[in-house]
Amino acid sequence: MAEVNPKITTFLMFDGQAEEAMNFYVSLFERSEIISIRHYRANEGGVEGSVMQASFSLHGQVFMCIDSNVKHGFTFTPAISLYVNCESEAEIDKVYAALAGDGQVLMPLDNYPFSDKFGWVSDRFGVSWQLNFVAKG
């Protein structure tokens with residue numbers, strides 16, 4: 001199980017899609033789970049039923065997320081991304097296909113001088129992912 005209160009945690013702010021994104025991400029990686037989730041209730045300042053605060057882990061790495069109750073003029077950017085070292089070609093193929101679906105390919109899944117197989121995508125929620133596989137041997 002992931003450490004519930006690590007010192008530094010990646011924090012993802014969504015606009016009404018936090019729970020959907022969190023469930024999607026947890027479905028992609030082994031050893032992943034939703035740790036906690038608190039929804040806005042009536043008269044709590046956010047849209048009732050949206051995520052006030054949640055934490056989840058992906059392969060043991062803890063993340064937090066919310067549905068912002070304030071509209072902002074910004075969203076996610078590829079200038080920061082989640083970097084995943086995949087353990088097999090099957091894993092990178094599966095995760096890449098899922099994340100690229102309804103998203104945007106920034107670098108196609110391919111062999112590059114720095115990696116046997118690498119791809120960079122922005123998923124349907126706008127979160128950027130760099131996926132890497134290096135063959136052992």
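A contact here means heavy atoms within 4.5 Å. The model is predicted: local features need pLDDT of at least 70 and side-chain atom pairs pLDDT 80 or more, while totals for chains, interfaces and linings use all residues. Residues are numbered from 1 along each chain as its sequence is written, and side-chain values use heavy atoms, without hydrogens and water.

**Exercise 1.** Find what share of the contacts between residues at least 6 apart in sequence joins residues at least 24 apart.

Solution. Of those contacts in the protein, 53% join residues at least 24 apart.

**Exercise 2.** Describe the open sheet of 4 strands and the helix lying across β6, β7 and β8.

Solution. Step 1: strands (E, at least two residues) and helices (H or I, at least four) are DSSP runs, numbered from the N terminus. Two strands pair if DSSP finds at least two bridges between them.

Step 2: the strand order is β5-β8-β7-β6, and the pairing is mixed. β5 and β6 (104-112) are the edge strands, each pairing on one side only.

Step 3: β6 and β7 (residues 115-122) run antiparallel and are joined by 5 bridges. Glutamine 104 has serine 122 in β7 as its bridge partner.

Step 4: helix α2 (residues 89-100) lies across β6, β7 and β8 (128-133). Its angle to β7 is about 20°, taken between N-to-C directions on a scale from 0 to 180 degrees, with axes fitted to C-alpha atoms, for helices over the stretch in contact.

**Exercise 3.** Decide whether threonine 75 is buried or exposed.

Solution. Step 1: buried means under 20% relative accessible area, exposed over 50%, and partly exposed in between (1.4 Å probe, protein chains only).

Step 2: threonine 75 has 60% relative accessibility, so this residue counts as exposed. Threonine 75 is in the loop between β4 (61-67) and β5 (82-85).
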